[in-house]
Amino acid sequence: MSHAVMRLRNLTVVVNVLGRERVLVDGLNLDIPQEGILALVGGSGSGKTTTGLSILRLLSPALEIQRGVIFYKSKDLLNATEAHMRQLRGKEISMVFQEPLSAFNPVFSIGYQIEEVLRFHTDLGRSRRKARVEELLDVVGMPDPRGMRDKYPHQLSGGMRQRAMIAQAIAVDPKLIIADEPTSNLDVTLQARIMELFRKLKKELKLSILLITHDLGMVGHLADEVAVMHQGRIVEHGPTQQILDRPQHAYTRELMETG
Amino acid sequence: MSADKKHLSEFQIALRNFKKNRLACLGVVILGLLYVAVIFAEFLSPYSYKNENRNYSYCPPTVIQFFDENRLVWPYVYGRQLEFNAYHGRIYTIDKTQKYPLRFFAPGDTYQWLGFLPGRRHLIGVSEPGRFYLLGADSRGRDVFSRLLYGGRISLSIGLIGVCISFTIGLIVGGVAGYYGGRVDDILMRICEMFMMVPGFYLLLALRSAVPDNFNSVQVYFAIVVILSFIGWAGLARIIRGMCLSLREREYVLAARTFGLSDRKIITGHILPHTVSYSIFAVMLSIPGYILGESALSLIGLGIQDPFASWGNMLSDAMSIVRIKFAPWILLPGFFIFVTVICFNVIGDALRDCLDPLLKSEVKG
């Protein structure tokens, strides 16, 4: 695990509020291990999601990446053209959101929306795409993939929706998945199953996963490495067992007690 | 909320609610009949729109006779005699010595149905020299009923085509302005406001006068459509822009971007579909504006030119009180404009009631 699929160096994100700058991410350094799961842990407002969206360069216009580099395949994503970024998004790096009900467009079936990613990134024909959608839904463990294809987001249960979202994220075999609190809105048994799914996908698809969460229980089950984030900075970083067994930083201990 | 009951799609629910509105259903039926009638105008009309006979200027409606000496016979019409009274007014008297039986599929003026299918049969007609004026004649002795059908073709289609053009522009401009926001939004919205600032009718007149006057009728028709839609898009663009401003903040838009979709795909594929229900009833409610705009232009002689008929230019005959007094049937195009506009409004209102998410049937109980 010496290789890193992505290296973030000195990433600094600021927001401008009425002419005054507030730093959201403060000189962040982070290596996302190849075919590993790195958990980015922290409380609300610690800059986890901002970091995730910075990687895809999809921050809202009010937020600005002030400096830093994001190396991916020896290329700095912060200097890449928008066209190049569009090629990366979904195809190399994709994202799983916390709330699939709002991350799916309510007016289209989930099959259509998964297919849309395939349509954009591959030149598969119509019937091949449909077959691939079924295959994906099967991979993420949805029962009756063919029937699920035509279901609308509101017709699925929370767990099914999250699986569909993951199917969409792995549609074109990305190398890196940014999972932003993927299980926060699910109940405990479903959380366990989704974690199981992530572990399986990591192994089968050789995925690297950046897991953004505040749930240390999930981290213990899933992550290879943990980085604890507090007020825009990484306060502690190391292998999961080491961090969970012997937390060094006061904030980490606080997180463990409350979580 | 059982799963089976819930399986009515949004569209089915809307349709069910729409059917409850009797007035709107009536509107649909009337409009349907009008559209079918004008599509088959060549066949349904006894005469061509330019078939004139000056001996029958302002001839009153022909009465169809069913009885001859108290016996039921094949329907026929009487001929007419034109006389002038002391004030040089036209008096038409019925000449009972001339009888013209009605003929179905009667040969008459040749036509090309919708411009390509030639024919000369008309649903109903009488043999020459008899004249059959179901709804009276205009100043040149042309059949008002026939001209209503031909004119309806222009008046009814101008709204549809105009709305298509202006909604395409409005959706694109509104979508782009709302999605990008910032400077793009500022520039596009200032342009919109420039169009909205000028009073519509004067803009209409100004644009019309900018069109060369040697256009043929088809060119004039399209010039009018383009001018009308040129005025109509701005208001829609502003509303769509407002909706897009809020829609772009939805997480599925961000999700679509994380999958690398282009801005164009996101606007057309993920944002604009959410404006559909608004757009549908906005379309219905804005069509009358186009019909009235065309009528107004034609009425004052700037639209469709004689001998071509439109409901507007037929009404220009009715601009004198004396004529209306002696030949009230020349007001009929106005009646048809009125009916059409009311129908579109009623349908539009009903659509708004059943498509607007804030007024869902669940809420109303």
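Reply: The account below begins with the sheet, then turns to the domains, the contact between the chains and some backbone details.

The model is a predicted one. In chain B, three strands form an open sheet in the order β1-β2-β3, with antiparallel pairing. As a general point, strands of a sheet pair through backbone hydrogen bonds, either parallel or antiparallel. Between β1(B) and β2 (residues 71-84) of chain B, which run antiparallel, there are three bridges. At the level of residues, Gln65(B) has Tyr76(B) in β2(B) as its bridge partner.

The domain assignment divides chain B into domain 1 (52-142) and domain 2 (147-364). The C-alpha centres of these two domains of chain B are 39 Å apart. Their contact involves seven residues of domain 1 of chain B and eight residues of domain 2 of chain B. On the domain 1 side, the residues touching domain 2 of chain B comprise three nonpolar, two polar and two charged.

The two chains also meet: 19 residues from chain A and 14 residues from chain B take part in the contact. On the side of chain A that touches chain B, α2 (82-88), β6 (93-96), α3 (100-103) and α4 (110-121) of chain A each contribute at least two residues. The largest share, three residues, is that of α4(A). By class, this side of chain A has nine nonpolar, six polar and four charged residues.

Most residues other than glycine have a negative phi, and most peptide bonds are trans. In chain B, the bond joining Asp306(B) and Pro307(B) is a cis peptide bond, with omega about 5°. Pro307(B) belongs to the loop between α10 (276-299) and α11 (311-315) of chain B.

In chain A, Ser74(A) has a positive phi, near 55°, and is placed in the loop between β4 (63-72) and β5 (75-76) of chain A. Ser74(A) counts as exposed because it has 6 C-beta neighbours inside 10 Å. Asp173(A) also has a positive phi, near 50°, and lies in the loop between α7 (158-169) and β7 (176-180) of chain A. Asp173(A) has 13 other C-beta atoms within 10 Å and is therefore partly exposed.

How values were computed: Residues numbered from 1 in each chain as written. Chains lettered and ligands numbered in written order. Predicted model: local features only at pLDDT ≥ 70, side-chain atom pairs only at ≥ 80, totals over all residues. Domains from an automatic or database assignment. Nonpolar A, V, L, I, M, F, W, Y, C, P; charged D, E, K, R; others polar. Helix = DSSP H or I, 4+ residues; strand = E, 2+ residues; numbered from the N terminus. Pairing = 2+ DSSP bridges. Buried ≥ 20, exposed ≤ 12 C-beta atoms within 10 Å, placed from the backbone.
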